[in-house]
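Take a walk through this fold, from its strands to its rings and then to its annotation. Keep the structure in view while you read.

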Amino acid sequence: MRAKATLNREFTISAVDKRVYGSFLEHMGRAVYTGIYEPGHAKADKDGFRTDVLDMVRDLDMPIVRYPGGNFVSAYHWEDGIGPRDQRPTRLDLAWRTRETNQMGINEFADWSKLANTEMMLAMNLGSRGLNDARNFLEYCNHPGGTYWSDLRASHGYKDPHNVRIWCLGNEMDGPWQVGHKSAAEYGHLANEVSKAFKYFDKTLETVVCGSSNDKMKSYPEWEATVLEASYDSVDYISLHKYFGNEENDTLNYYAKAIELDRYIVTIGGVIDYIKAKKRSKRDVKICFDEWNVWYHDRKEDGERIASWDWPEAPPLLEELYNLEDAIFVASLINVFIRRSDRVKIACMAQLVNVIAPILTKAGGPAWRQSIYYPLQFASKYGRGTALTVSSFGPTYDCEVAQDVPYLDLSAVLHDDGRTIALFAINRSLDEALDFSVDLQGFKGLKIMQHHVMTGEDLKARNSVENQERIVPKPGAGLSITDEGALIGALPAKSYHFILLSVASA
């Protein structure tokens, strides 16, 4: 098979917001307790944070992390997680039917975020609570001092404000499963009032209104239209969520589900444009895709366990074991975010540790990277700059999800220095190598600086505590630059590639 692509220095999509490579931590399962926080662990620091996990998070160059939920947040009282730990109450978490000890709260998360070199994105409870509680939360986090809530923060040992810049106005409020679920009209009105209040406090804050929990919801996309009709003038982003799986064990159909993500973004982009035009607005609301990942391996079994257990404390939950097939698919989802960087400015892989996560830990034991860690790492480190338009031609296939699915999936980012280009390429074919060429117009003196590949015969192979490096990137081979300045070579079947090119001049 042969495929050809063309890039041109002048044909760009948008600047890629680094926050598109973000993640998410929820008080759920072992994401927090025995995930990032485990006092007494051999590698815990003085505050109980696992340094082995911190090292892996820092290696992702993670720009932003959403916290503390998720479904958890819709019945959460943030006040339970502040002050002396021995005075914090244990509560029932209705979302996951567990007990929450509140040994980690907003102040500890702020400490952890600094150590992880990441920005905080905080979600507020607009399910069981409302405007006044949200306003108090903001004052506690962001006001310098001289008021009840800011002085209370100082009394807890945090004189300087946390200065959180971006706030999520609830979580999945369209979902009937959500504590405090509301109609689109009810929620849109509440979210608008909260967002306005936050910007009375500080007009530079950014707010995220809840869009659809997934694109299969009966209310989609009318939910977005109704919510934005009420809140367009005050919010900055609308959030979208979507999880993927290969329940059918049909790899090519699975890979094509990246096209569903693209359709989702395009559809909501159209809704945004419609409301903008209807309101005669000059503002642009962008998309915050703050929950996405593969989630299907044990989803049914986990649901049964949640329904039957008796309020355990930080039990193993949603601890998906990801394989090579998942890594290649995750890379294709990231390619969609790059190519839609004009619309999507924030995205959060859900989640970060243990719960549907790129990092797994054993309580009292080691931490290791799952297969999906590496595509996110390459993109986060090297996918920052300006997304280039990719025009490609090559073989395609048909499946249940979509027709004419290209075997070659390619995105490209020109770094801000203008001297390096990152390419993220996938060959979706299960049995044929793909001979490809990329015509790089407007670039001279091209050289291959790095080439890493993830491939293998067994798509179901995965890393484990016993074999932590079974699925890892390896040095690539077989690519070269022609005298005319084209990148040529062969991509093995079922493979993901990160390619970094240097540019001598325009």
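UniProt positions are given here in the numbering used for this structure, feature names are shortened, and annotations may be inferred rather than shown by experiment. With that in mind, the UniProt record places the feature "domain: Alpha-L-arabinofuranosidase C-terminal" at residues 290-495, in an unreviewed entry. The model itself is predicted. In it, the span 290-495 is 17% helix and 35% strand.

Eight strands close up in the order 3-4-7-8-9-10-11-12, and their pairing is parallel. From one strand to the next, the twist averages 30°. Look at one of the joins. Strand 11 covers residues 286-294 and strand 12 covers residues 344-350. The two run parallel, and four bridges join them. Ile287 stands opposite Val344 of strand 12.

Helix 3, residues 131-142, lies across strand 7 (119-123) and strand 8 (166-169). Its direction is at about 160° to strand 8.

Next, the aromatic rings. How many aromatic pairs does a search of the whole structure find? The count is 27. Take Phe244 and Phe329. Their ring centres are 5.3 Å apart and their planes meet at 70°, so this pair is edge-to-face; the angle is over the 60 degrees that this class requires. The pair links distant parts of the chain. Phe244 belongs to strand 10 (residues 237-244), Phe329 to helix 9 (residues 324-339), and the two are 85 residues apart. Both Phe244 and Phe329 are buried.

Tyr254 and Tyr255 make another pair. Their ring centres lie 6.0 Å apart with planes at 25°, so the pair counts as stacked. Are these two tyrosines buried or exposed? Tyr254 is buried, at a relative accessible area of 0%. Tyr255 is buried too, at 1%. Both values fall under the 20% cut-off for buried.

Rings also gather in a group. Trp78, Phe137, Tyr140, Tyr148, Trp149, Trp167 and Phe198 form one aromatic cluster. Phe137 and Tyr140 have numbers that fall within helix 3, residues 131-142. Trp167 falls within strand 8, residues 166-169.

Finally, two arginines sit over tryptophan faces. Arg97 lies over the face of Trp311, at 4.9 Å from the ring centre. Arg299 lies over the face of Trp295, at 3.6 Å from the ring centre.

Definitions and conventions:
Residues are numbered from 1 along each chain as its sequence is written. This is a predicted model: local features need pLDDT of at least 70, side-chain atom pairs count only at pLDDT 80 or more; totals for chains, interfaces and linings use all residues. Side-chain values use heavy atoms; hydrogens and water are left out. Two strands pair if DSSP finds at least two bridges between them. Axes are lines fitted to C-alpha atoms, for helices over the stretch in contact, and angles run from 0 to 180 degrees between N-to-C directions. Contact means heavy atoms within 4.5 Å. Rings of Phe, Tyr and Trp (its six-membered ring) pair if their centres lie within 6.5 Å; planes under 30 degrees apart count as stacked, over 60 as edge-to-face and the rest as tilted. Buried means under 20% relative accessible area, exposed over 50%, partly exposed in between (1.4 Å probe, protein chains only). A charge sits over a ring if NZ of Lys or CZ of Arg is within 6 Å of the ring centre and within 35 degrees of the ring normal.
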